[in-house]
Each structure stands twice: as C-alpha cells, then as structure tokens.
Amino acid sequence: MPSRSTTLRAKPTQCACLRLRKASRRVTQIYDQHLEPFGLTVTQFSVLGHLKRMDGIAIGALADVLVMDPTTLTRTLKPLQTIGWIASTAAMNDARTRRLHITGSGLAAYARAKPGWHAAQDTIAKALGGRDNERFAEVMDLVLERLAD
C-alpha cells in the first residue's frame with residue numbers, strides 16, 4: 001500500500017514562484033533547525049551577520065540588501081533589540097532615519113551560532129552533492145541578478 005506522502009504528492013508544477021518558495025521553506029527549515037539551539041532563526045542570523053559587516057546601515061538599506069520588505073525586517077529586528085543584540089540610533093543628518101548597530105552581545109551570539117550555520121551549510125551541500133551544490137549556488141545568484149529591480 002502506498003504511503004500517505006506518496007499518494008498526496010502533487011504533480012510537479014511549472015510555476016517558478018511555487019517551486020522557489022517551497023525550496024526556500026525547506027532550506028529555511030534546515031537552517032532554523034541548526035540555529036535553534038543558539039536562539040536564532042536563519043533570518044536573525046543573517047541580520048546579525050550583515051550588521052557585523054555594515055555597521056550603521058539604515059533599516060531601508062538593510063531591507064534592500066536582504067531583499068526584504070522593511071516592515072518584515074522591522075518585525076525581525078524587534079526581538080534582537082529586546083535582548084540587546086542590536087541597537088538603533090538616529091542618523092546624524094536626519095533624526096527620522098534609524099541606523100542599526102550590532103552590540104557586543106550580538107557579536108558574541110553571532111559567533112556562538114556560526115557552527116550551527118556551518119552545519120546547515122554542510123547538510124545542504126551533502127544533500128545536493130558536489131556539482132549540484134555548485135550549480136545551485138550559480139543558479140540562485142543568476143536568479144537574483146536577472147530578476148533584480
């Protein structure tokens with residue numbers, strides 16, 4: 001008797017959006033599983049990593065870099081601010097613009113979680129295999145480049 005997952009398997013779709021969203025959710029689940037012991041989601045980990053490299057970036061600019069809606073980014077930032085891993089300050093030339101900064105405890109949290117991120121990377125690389133893992137990265141970069149605004 002076929003398993004339930006086999007009988008409920010949908011016919012492959014030609015919809016690029018659906019395929020990409022499903023793949024994105026699966027990859028996100030893998031990263032979140034590996035980062036959960038460190039108290040982070042992959043999105044939060046990514047925000048901390050970007051702030052480590054781009055200290056003082058404005059929320060809107062960070063949203064652009066992450067290809068996120070600013071409102072969604074703001075919701076992601078709240079818990080990181082609450083626990084003190086990031087701080088925001090008013091820009092010197094415009095008090096309405098908020099600049100984001102990673103704190104010392106945020107840097108420490110990011111460093112602690114790095115092994116979880118590496119484990120997720122390894123899980124995906126192993127699942128895809130050598131050449132397919134390289135092709136995956138190349139195709140994703142191509143998608144981001146060609147579909148940019």
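The side chain of His101 makes a polar contact with the side chain of Asp55, at 3.1 Å. (A polar contact is a pair of N or O atoms within 3.5 Å; within protein, one must be able to donate a hydrogen and the other to accept it, and residues adjacent in sequence count only if both atoms are side-chain atoms.) Bear in mind that this is a predicted model, where local features need pLDDT of at least 70, side-chain atom pairs count only at pLDDT 80 or more, and totals for chains, interfaces and linings use all residues. Residues are numbered from 1 along each chain as its sequence is written, and side-chain values use heavy atoms, with hydrogens and water left out.

**Around His101**

- His101 sits in strand β3, residues 98-102; strands (E, at least two residues) and helices (H or I, at least four) are DSSP runs, numbered from the N terminus.
- With a relative accessible area of 22%, His101 is partly exposed, the class between buried (under 20%) and exposed (over 50%), using a 1.4 Å probe and protein chains only.
- Skipping neighbours within four places in sequence, His101 is in contact (heavy atoms within 4.5 Å) with Leu51, Asp55, Gly56, Trp85, Ile86, Ala87 and Thr89.
- His101 and Met54 are 47 residues apart in sequence, and their C-alpha atoms are 8.3 Å apart in space.

- The 12 residues of α3 should span 16 Å at 1.5 Å a residue, and the end C-alpha atoms are 17 Å apart, which agrees; the expected span is 1.5 Å times one less than the number of residues.
- Buried residues in α3 are Val42, Gln44, Phe45, Val47, Leu48, Gly49, His50 and Leu51.
- Gln44 has a relative accessible area of 13%, and its side chain reaches the backbone nitrogen of Thr41 at 2.9 Å.
- Beyond four places in sequence, Gln44 touches Gly39, Thr76, Pro79 and Leu80.
- Thr76, over in helix α5 (residues 70-82), is buried too, with a relative accessible area of 13%.
- Again leaving aside neighbours within four places, Thr76 is in contact with Thr43, Gln44, Val47 and Met68.
- Leu48 is buried at 0% relative accessible area, and its contacts beyond four places in sequence are Leu40, Trp85, Ile86, Ile102, Gly106 and Tyr110.
- Leu48 and Glu138 are 90 residues apart in sequence and 25 Å apart in space, C-alpha to C-alpha.

**The largest pocket**

- The largest pocket holds about 1,900 Å³ of space.
- Of its 38 lining residues, Ser24, Val27, Leu66, Met140 and Leu144 are the closest to the centre.
- Two or more lining residues come from each of α2 (16-35), α3 (42-53), α4 (59-66), α6 (104-128) and α7 (130-146).
- Helix α2 gives the most, with 10 residues.
- A pocket here is an open set of points on a 1 Å grid over the protein atoms alone, where a 1.4 Å probe fits, with protein on both sides within 12 Å along at least five of seven lines; lining residues have an atom within 4 Å of a point.
- Grid points are joined across faces, edges and corners, and the volume is the space filled by probe spheres set on them.

**The whole protein**

- The protein has 7 helices and 3 strands, running α-α-α-β-α-α-β-β-α-α from the N terminus on.
- Its C-alpha atoms fill a box of roughly 65 × 35 × 30 Å along the principal axes.
- Of the 149 residues in the protein, 22% are buried.
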